[in-house]
Amino acid sequence: MQIYVVKTGDTVYRLASAYGVTAESIIETNQIAYPYRLVVGQALLIPGEDRAPKRGILSGGYAYPFIRPELLEETLPYLSRLLVFSYGFTEEGRLLAPELPDAWMIQAAKEARAEAFLTLTPFGADGNFNNQLIHRMLIEPKAREQLISELLWTVEQKGFRGVDVDFEFILAQDRVLFADFVRDLRNRMAERGYQVSVALVPKTSASQRGALYEGKDYRLLGAAADQALLMTYEWGYTYGPPMAVAPLPQVRRVVSYAVTEIPSEKLLLGIPNYGYDWPLPYVRGTTEARTIGNEEAIQIALTEGAEISYDETAKAPYFYYQDDGISHVVWFEDVRSIQAKFELLSEFGLAGACYWQLMRPFRANWRLLADEFWVER
């Protein structure tokens, strides 16, 4: 497959003729909506002849139980692992299931030969990560044992193949206790043939300060879990200044540090399947960006007559537009930015990639992944 960047005057049919492929294949791969208009600066994945992928990787992605079944069905063939988001818990260690049924997701993963993982999160009543809930569970041995026992029972009863521990804003004082919890959970799960992964905030040093970082010890957690997911995204975020969600220099810094603490064959690179639309000017504490997907970004550019630019440093596409007198800037992901992240997988010999999240379609991404790698089952 090849990546082509649209120029003035290009049409799907002219590109199909130039590359010797059908227009339908370009339309289908890139999910181009009728009447098949293109945006100058848009990156297209041009289908090519089948070839042997470079190497095998683990490929995972998070999804809520309200994901559209047809979208999940289309995505699962490209995944080793489906992470069901999410299960919570009480201070006493009682496991809380998602509000919506998730059995159909587990069954769909099984039919696609992918493994479903239970994602454990410490959300409080306000829907945010609650470090006091984490703390009270960690310091109480009975609560820890209760939670581990209920996780094991749920994994066995529902047909999960493991647990992904996604805790954020852990208190610095709980750094070792949290790693001990992950280790104990892994040991209990391993007795029954299950695995445990842990999500890691994007640190660049062991001494990094801040509430998000101090409770996550890369070395301890890398030893405690079967795999570790680097959450290498959210530099550009809802309430932050406009910028790429996963600028490559920052992603590289995280990976470069991570491989000094954790074996590369345990590490999964986090990849964002979303972007943001910011109204301008940006005002800290006031401006709020809107989350969008790849398809939606292209449609906005089409509707507003914008041209897409590409930041060669961040390795990410962006564009500006006007709506009702208000300026906007959009940063998102396309096949060029995804390919740059895939190159990091190979450069550092990482185990694979994991997407946050699967709720928005991005077919060209999955076709590119299948062209570069085979998915380990």
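1. Helices and strands are here DSSP runs, at least four residues long for a helix and at least two for a strand, numbered from the N terminus. On that basis the protein chain holds 12 helices and 17 strands. The model is a predicted one, and the remarks below should be read accordingly.

2. Overall dimensions. The radius of gyration of the protein chain is 21 Å, which agrees with the value near 21 Å that a compact globule of 377 residues would have. The C-alpha trace spans about 65 × 45 × 40 Å along its principal axes. Of the contacts with a separation of 6 or more, 72% are between residues 24 or more positions apart.

3. Surface and charge. Of the 377 residues in the protein chain, 55% are buried. The chain exposes about 16,300 Å², and carbon and sulfur atoms supply 50% of that area. There are 37 positive and 49 negative side chains in the protein chain. The centres of these two sets lie 5 Å apart.

4. In soluble globular proteins, nonpolar side chains tend to be buried together. In this model the largest nonpolar core has 107 residues, and the members that touch the most others are Leu120, Val165, Phe167, Phe181 and Val182. Helix H11 (residues 335–348) gives this core its largest share, 7 residues. Apart from this core lies another, of 13 residues, including Ile300, Ile308, Val330 and Phe332.

5. Val182 in detail. Which residues does Val182 touch, not counting residues up to four places away in sequence? They are Val165, Val196, Val198, Leu221, Ala224 and Ala225. Val165 is itself named with Val182 among the core residues that touch the most other members.

6. Helix H12. This helix covers residues 363–372 and is mostly covered, with 9 of its 10 residues buried. The buried set includes Ala364, Trp366, Leu368 and Leu369. Also among the buried residues of H12 are Arg363, Arg367, Asp371 and Glu372, as well as Asn365. A reader may wish to inspect the surroundings of these side chains in the model.

7. Cis peptide bonds. Tyr34 and Pro35 are joined by a cis peptide bond with omega of about 10 degrees. Pro35 belongs to the loop between helix H2 (23–30) and strand S2 (43–46). Phe85 and Ser86 are also joined by a cis peptide bond, with omega of about -5 degrees. Ser86 is placed in strand S4 (residues 81–89).

8. Positive phi values. Arg113, although not a glycine, has a positive phi of about 65 degrees. The residue is found in the loop between helix H4 (103–111) and strand S6 (115–120). Because the cut-off for exposed is over 50% relative accessible area, Arg113 counts as exposed at 58% relative accessibility. Lys315, again a residue other than glycine, has a positive phi near 55 degrees. Its place is the loop between strand S13 (309–311) and strand S14 (316–323). At 26% relative accessibility, Lys315 counts as partly exposed.

9. Asp184. This residue lies in helix H7 (residues 175–190). Is Asp184 buried, partly exposed or exposed? Its relative accessibility is 25%, so Asp184 counts as partly exposed. Leaving aside neighbours within four places in sequence, Asp184 is in contact with Arg144 and Ile148. The C-alpha atoms of Asp184 and Ala224 are separated by 8.0 Å, while the two residues are 40 residues apart along the chain.

10. Leu133. Helix H5 (residues 131–139) contains Leu133. With a relative accessible area of 8%, Leu133 is buried. Not counting residues up to four places away in sequence, Leu133 touches Phe89, Thr90, Glu91, Pro122 and Phe123. Leu133 and Leu350 are 217 residues apart along the chain, and their C-alpha atoms are separated by 33 Å.

11. Glu74. Helix H3 (residues 69–75) contains Glu74, which is partly exposed with a relative accessible area of 31%. How many Å separate the C-alpha atoms of Glu74 and Arg144? The separation is 38 Å, for two residues that are 70 residues apart along the chain.

Key. Residues numbered from 1 in each chain as written. Predicted model: local features only at pLDDT ≥ 70, side-chain atom pairs only at ≥ 80, totals over all residues. Heavy atoms only, no water. Rg over C-alpha atoms; globule rule 2.2 N^0.38 Å. Buried < 20%, exposed > 50% of the residue type's maximum accessible area, 1.4 Å probe, protein only. Contact = heavy atoms within 4.5 Å. Areas by Shrake-Rupley, 256 points an atom, 1.4 Å probe, with all protein chains shown as cover. Lys, Arg positive; Asp, Glu negative; His and termini not counted. Charge placed at Lys NZ, Arg CZ, Asp CG, Glu CD. Core = buried A, V, L, I, M, F, W, Y, C linked by side-chain atoms within 4.5 Å.
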